[in-house]
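Reader: Hello! I would like a close look at one part of this model, the salt bridges and the strands around them. Could you walk me through that part?

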Amino acid sequence: MNRFLLSIMLLAAAGISRGETVQKLVLHALDGTEIEYLLDNEPVVTFEAGNAKITDKAASESFPLDDIDYWDFRTEVTNAVETVEKATARISIDGRTATVTNPNAATVTVYAVNGTVVGSQRAETCTFELAPGLYIVAIGQSAHKILIR
């Protein structure tokens, strides 16, 4: 029982985690490419002979000024979820049956609290018969917690 409560507390703590804030200097080229420099690496921009030279702790690069559209700064918060997508999938629970309506037919994987894969399907409608407990349902890049009583 203590192990189960510890697992629930760890999941709850993960749910309220704010992630890590990363600040970047971003060079936007005329061809649409973006080059990012972490501010933690202390980038220094100098201008000489029609070029912009960026030097930081990791590398040094030079770009013709005529190829640069603009510069800006970006702040991102990173966490375990790489991207946030518009929620299109829906999970419904009826007794011990979890049904995932999944219009994009992304892979749906159900994990037990200990990380064991309980089931995995790739279809527009996925149905899982589950024993009582707490589960993580991963749909593509998103994850959801469900409780089966």
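Author: Happy to. Two strands are said to pair if DSSP finds at least two bridges between them, and the strands themselves are DSSP runs of E with at least two residues, numbered from the N terminus. With that in hand, β3 and β4 pair in the antiparallel sense over 5 bridges. One of the contacts is between Val45 and its bridge partner in β4, Ile54. The hairpin of β3 and β4 has 2 residues between the strands, and Ala49 takes a positive phi near 50° there.

A word on where these values come from. This is a predicted model, in which local features need pLDDT of at least 70 and side-chain atom pairs count only at pLDDT 80 or more, while totals for chains, interfaces and linings use all residues. Residues are numbered from 1 along each chain as its sequence is written, and side-chain values use heavy atoms, with hydrogens and water left out.

Now to the charged side chains. A salt bridge here is a side-chain nitrogen of Lys or Arg within 4 Å of a carboxyl oxygen of Asp or Glu, and by this rule the count comes to 4 salt bridges. One of them joins Glu34 and Arg74, whose closest N and O atoms are 3.0 Å apart.

Glu34 is partly exposed at 41%, Glu36 is partly exposed at 36%, and Arg74 is partly exposed at 22%.

Another salt bridge brings Lys57 and Glu42 together, at 3.7 Å from N to O. Lys57 sits in the loop between β4 (51-55) and β5 (60-64), and Glu42 in the loop between β2 and β3 (44-48), so the pair links distant parts of the chain, 15 residues apart. Lys57 is exposed, with a relative accessible area of 59%, and Glu42 counts as exposed at 52%.

Finally, salt bridges that share partners join Lys24, Glu34, Glu36 and Arg74 into one network.

Conventions
Buried < 20%, exposed > 50% of the residue type's maximum accessible area, 1.4 Å probe, protein only. Helix = DSSP H or I, 4+ residues; strand = E, 2+ residues; numbered from the N terminus.
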